[in-house]
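Subject: Handover of a structure

Dear colleague,

Please find below the structure that I am passing on to you. My notes on it follow directly after.

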Amino acid sequence: MSMNGDKLFRLLMALCLAMGIMGITVGKFILGGIFVGLAVAIWLTTGGKHYNDRNLYDKIVEGCEDITIEHIYECLRTVDTCLGCPWMGSNTFTSGDAIMFGPSPFKDYITIYKDKKNNIVVKSGTELSHIVRNADNETHFKDVLDTKSMTVNPKTYSHFASWKLMSAVLVDDLTEIIKKIKAGDNSAVKSLGKFKFFYANSTDCLYRDSDDNEYTYVRTINEPLDVRIYEIPEGDESIEETGEMLAQVTGSAKSEKNGFKFYMSGEEYGTLYRDTESDSDSYFLETSDGRVYIEGFRAVRKANLSCNYIITIDGVRKAVIAGNARIAFEEDVLTENSLICSLDDEYLLLYMAIQEMIMTKNKWLK
């Protein structure tokens, strides 16, 4: 949501609330209740609370009168991210200097600048016309793809969506880093490293990477939940008959409190439970590799991703996963698309098992 869009939603919410109160005070209880309900719906839809809670692509760090963009750049200049290291440039949102990350091959960029109120703004976008290009910075645009002539299929969509997802995560990360810089903690800078994307589509249920290498075959049953991930055998042999089962998840969405059992190579790996104390849709799994935590992440509408989670092991981020339950790549055939942005391929099979368990539990059938 843009800043102007945010203001519009707040205005609509205020108007609906005012109309609701007015209706109730004059005895129009049903009409007043409808307007109050609309105000609450707008509040919930836009996240309510602070500007940063309502917005995924734009964030604000307030009260930065004593911090310059140049100082933030010096703190970030060596930080490598999925969009590379930052560079100093200009954008159309401000007349002052701006920090730039990217763009990605799919035109994703993040810019950091000061607004007229001396707040630091962290903004992501894909419209390159907002970046001032010149001979000195042209090298940053050499990998940008011609997306208009690109065929849309599960692979290209997943590649496109992976950048949208990871850019949204990076906006969050950079906002938190700038808050710490503002507090005087310049050592708190971390990086969101390079990622490799893997995807599966329900038309063939195979996980592949960007080079079309096939990794696993997935078969899922909704209720009781049974996720099975198979090794792909050589030749024309049946996967489910001759392929080795690499991982399995069992449980029941109707008895979620009992957890979901994970098996790796036929041995019990751990039981996944919902984190009932979390404000987001989150889960945890105690394993021999450490404590696996799966934290829900907001929907990324730019990529139509609405089932998104960040996976950490003992607090270290390992992957970001996402899913789309209904997307058509050919004619009117609706399919499910699963996406994994892996920061550590050692646990790739675990990411796949988690992804398929969550997608299946939400009754998005294959």
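Thr-271 is in contact (heavy atoms within 4.5 Å) with Asn-258, Gly-259, Phe-260, Lys-261, Phe-284, Leu-285 and Glu-286, its neighbours within four places in sequence being left aside. Thr-271 belongs to strand β12; strands (E, at least two residues) and helices (H or I, at least four) are DSSP runs, numbered from the N terminus. With a relative accessibility of 12%, Thr-271 counts as buried, a term that means under 20% relative accessible area, with exposed meaning over 50% and partly exposed lying in between (1.4 Å probe, protein chains only).

Please note that this is a predicted model, in which local features need pLDDT of at least 70 and side-chain atom pairs count only at pLDDT 80 or more, while totals for chains, interfaces and linings use all residues. Residues are numbered from 1 along each chain as its sequence is written, and side-chain values use heavy atoms, with hydrogens and water left out.

Gly-270 also lies in β12, which covers residues 267-274. Gly-270 is counted as buried because its relative accessibility is 10%. Not counting residues up to four places away in sequence, Gly-270 touches Phe-260, Lys-261, Phe-262, Leu-285 and Glu-286. Its C-alpha atom is separated by 10.0 Å from that of Arg-291, which is 21 residues away along the chain.

As to the strands that pair with β12, two strands count as paired if DSSP finds at least two bridges between them. Strand β11 (residues 260-264) runs antiparallel to β12 and is joined to it by five bridges. Within this pairing, Gly-270 is the bridge partner of Phe-262. The two strands form a hairpin with two residues between them, and Ser-265 in the turn has a positive phi of about 55°. Strand β13 (residues 283-287) also pairs with β12 in the antiparallel sense, over three bridges. There, Tyr-283 in β13 stands opposite Arg-274.

Elsewhere in the chain, helix α7 (residues 348-361) has 14 residues and reaches 20 Å from its first C-alpha to its last. That is close to the expected 20 Å at 1.5 Å a residue, the expected span being 1.5 Å times one less than the number of residues. Of the 14 residues of α7, 13 are buried, so the helix is largely enclosed by the rest of the structure.

For the chain overall, there are seven helices and 17 strands. Of its 366 residues, 48% are buried.

Yours sincerely
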